[in-house]
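I opened this structure for a first look and kept short notes. They follow below.

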Amino acid sequence: EMKEQAAALTMALHRAEAASRAKSEFLANVSHEIRTPLNGVLGLAEGLSRTDLDERQRDLLKTIVNSAATLDGILGDLLDFSRLEAGRLTVSETAFDLGELIEEAASSHRGAAEAKGLGFELVLDETTRRRVVGDPTRLRQILTNLLSNAVKFTSEGRVGLSVAKAARGDRYYFEVRDSGIGFEPDQAERLFTRFEQADGSITRQFGGTGLGLSISRQLAELMGGKVSAAGKPGRGAVFTLIVPLPAARGAPAAPEPEIERPDRALRVLVVDDNETNRRVAELILAAIGAEVVCVEDGRAGVGAVESGDFDVVLMDLQMPVMDGLSATRAIRAREAQAGLPRLPIVVLSANVMREHVEASNAAGADDHIGKPVRAETLIAAVLQAVEGERKAAAA
């Protein structure tokens, strides 16, 4: 009987693991299918913003961009939820300027607060003006979740962020305060439960996935910290993040040198099976006067590289005939066999999970940019890839 029970438990475990993998794959596929048209929405909206528009048209366009950005954030939450559940989400240890990160996170929400007529206060202890070691991306994500919630649930008054270092040790205290709707004190823990709110009607009134705070708490725990909440109905709330951030050793990193724009028009090859995405790339790169050539699959991309002279390739991953990884490997193999200079390849894909980035790097790509992409991000990636290859060739 014990052996039969053990076998049944093992089979149940295998089924649960298979179901978890299937769910993760489903979420990844759904994310890809949504991000692809979302890239077209954002890209074309940004292209339209550079045309002559009246004030009402600009307001409508701003709404389109904000709605697309919100959808992109929801997709990010779903993917993080899937990775956390599968135990595949990790945090990094990187040296970064804490004060700069806090100010960037705050500035991105100051405008939203002021647009609602709210005051916005940022208070930084002098000890935050230093370089520390931690995961800047995940710390910014937590602060963004807390600040966006504070603005969302506050209709009048103010929102604030204060940061200070503990008297001893390397722990930092981040407090996000608001004068919003608040909640019953005994409901605080429910806020951090997946798909839950202290009051179910709040979700219907304000929207949201109910994942942001749950993800924030788990990320804080992965970083060796914690998140807690306190509030009173109608009198606002306070969310406190405590996270260890050891001081970075050594001299401060030198600032990134300014990327010089080439004194000639760049020739860019765009390899993407989606017509809208090709159009978006053309619109964005027109801002730097680039000459753009587009093809629809990886095999055509390899052929274009063999017959043309390009400065950089923008490569999608999921394509018919030949996928982007195979095309990238084929281009690198040809360069190695013929002794040709390395052509910068930037993957531009709706596949944004860690394993996708690692696969791109292993195939020989120089960078991996996720869709939907903002114009400034794509232009910076193209210029960075060209500049990096130019310096490598000179060396």
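I checked the length of helix α9 (residues 324-338): at 1.5 Å a residue, its 15 residues should span 21 Å, and the end C-alpha atoms are 21 Å apart, so the two agree. The expected span is 1.5 Å times one less than the number of residues. Helices here are DSSP runs of H or I with at least four residues, strands are runs of E with at least two, and both are numbered from the N terminus.

A note on the source: this is a predicted model, where local features need pLDDT of at least 70, side-chain atom pairs count only at pLDDT 80 or more, and totals for chains, interfaces and linings use all residues. Residues are numbered from 1 along each chain as its sequence is written, and side-chain values use heavy atoms, with hydrogens and water left out.

Next I looked up burial in α9. Gly324, Ala327, Thr328, Ile331, Arg332 and Glu335 are buried (under 20% relative accessible area; exposed is over 50%, partly exposed in between, with a 1.4 Å probe and protein chains only). They cover an arc of only 135 degrees around the axis, which puts them on the same side of α9; the arc is taken from the directions from the helix axis to the C-beta atoms. Ala336 and Gln337, on the other side of α9, are exposed.

What covers the buried residues?

Last, I looked past the end: just after α9, Gly339 has a positive phi of about 65 degrees.
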